[in-house]
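Have your viewer ready and follow along, one selection at a time.

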Amino acid sequence: MNYTKLGNFEAICLIVVLFINHIVLNLPQMILNSSGTASILNCIYVFALVLILGILILKLLKNFAGLDIIDISEYLGGKVLKILIGTLCIFYLILETAFLTRMFSKNLFLVYFNNYPLTFIIYLFLFVAVIANIMGKKSIIKTNTIIVPIALISLLFTFIFVIDLLRIERSLPLFANGASSIFLSGASNIFAFNGLFFLYFISPMLNKKVDTAKITFTSILICGIFLVLSIATLVFAFSDIYDINRISPMYFIIVNSRLTAFLERPEVLFIFIWTLALMSFISIAVMFCLNIFKKLTNMKEAKSLSVAVCCIIFIVSLLINNVFALETIANAFYKYGSLIMVFGIPILILIAANIKKKVKKSSIVMKNAPPLKE
């Protein structure tokens, strides 16, 4: 299969873009709700855990350079496992995209566009993704490398302009509900790094396969820094942040920051940048869905299927009408779906594939070994 080749920076942006979309929506609130004032300690702990998992994943991928998780699944279990894992990955991407699109569109609808149907806002996001995929992978990847740095800079500004509101005492009690909420149940917050899902697919796309480690650790570092900054800003700057529901924490920071002294509606610029980030992620998610489908069916070209994929995303995004039910299901999927599809099934497949390769190598050595002399 022909792949669009990626440089290191392009690959990092592919991994980070999913994290950006979650952090501007509800990721900080999810961690605050589970860990309270201990959220900062929990994020540092989770960051360390993900670094360890990153080392493990890289070690497991080392024996399969140039292959993605679909190829490795085929090596391990033949076409049956290949189709099963490929289908699960497509399913995961579609649900992830549908929930993100619906929740972001819902916020736009409530704050700015309540005169327009929600379906129209969702349609616009998906229409952009269809056009982007028809234009080709290169345009999607290049555009993403422009949008991601701008989005990260916008997040930095949201933190900088509330520095005068920071109060260290708001982080007390330091351990909140106890050490278990940080180190035991809090360990599940590794889901925040679910952008690593794309790490399992980028190996065949890299210009230099040896740079996978640099890409992995740089992506983890960027996500870790921004996660800690976002949580620390919310904990230190706002005593009532734990009571805020159905409002994006990043949006809340902007409208309560010093930016309002310089701009009449500063949040509009930031929402525009984050809207571009969501459009970029949807285009990337559809692109990977098409890549996986091509690999499963041996199709030469699948651009025309972008319409079908976006139609499925559109239908799924509108299945749940109740806002509370939508957020509950979306958050549960985001957390547990990511744990399974990023840190669960792929790692198990890699472990099993490495064991098979080791056993196979040992059996070859045994066969080629000279017979023992009597």
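Select Tyr92, Phe99, Phe197, Phe198, Phe201, Phe281, Phe288 and Phe333: together they make one aromatic cluster. Rings of Phe, Tyr and Trp (its six-membered ring) pair if their centres lie within 6.5 Å; planes under 30 degrees apart are stacked, over 60 edge-to-face, and the rest tilted.

A word on the source: this is a predicted model, where local features need pLDDT of at least 70 and side-chain atom pairs 80 or more, while totals for chains, interfaces and linings use all residues. Residues are numbered from 1 along each chain as its sequence is written, and side-chain values use heavy atoms, leaving out hydrogens and water.

The structure holds 16 aromatic pairs. Zoom in on tyrosine 92 and phenylalanine 197, a tilted pair at 4.9 Å centre to centre with 50 degrees between the planes.

Next, select helix α12, residues 323-343. Helices here are DSSP runs (H or I, at least four residues), numbered from the N terminus, and strands are E runs of at least two. Among the buried residues of α12 are Phe333, Tyr334 and Gly337.

Finally, colour the cysteines. How many disulfides does a search of the whole structure find? It finds zero, a disulfide being a pair of cysteine sulfur atoms within 2.5 Å. Cysteine 289 has its nearest cysteine sulfur, that of cysteine 310, 9.0 Å away. Cysteine 289 is buried, at 3% relative accessible area.

Conventions
Buried means under 20% relative accessible area, exposed over 50%, partly exposed in between (1.4 Å probe, protein chains only). The expected span of a helix is 1.5 Å times one less than its number of residues.
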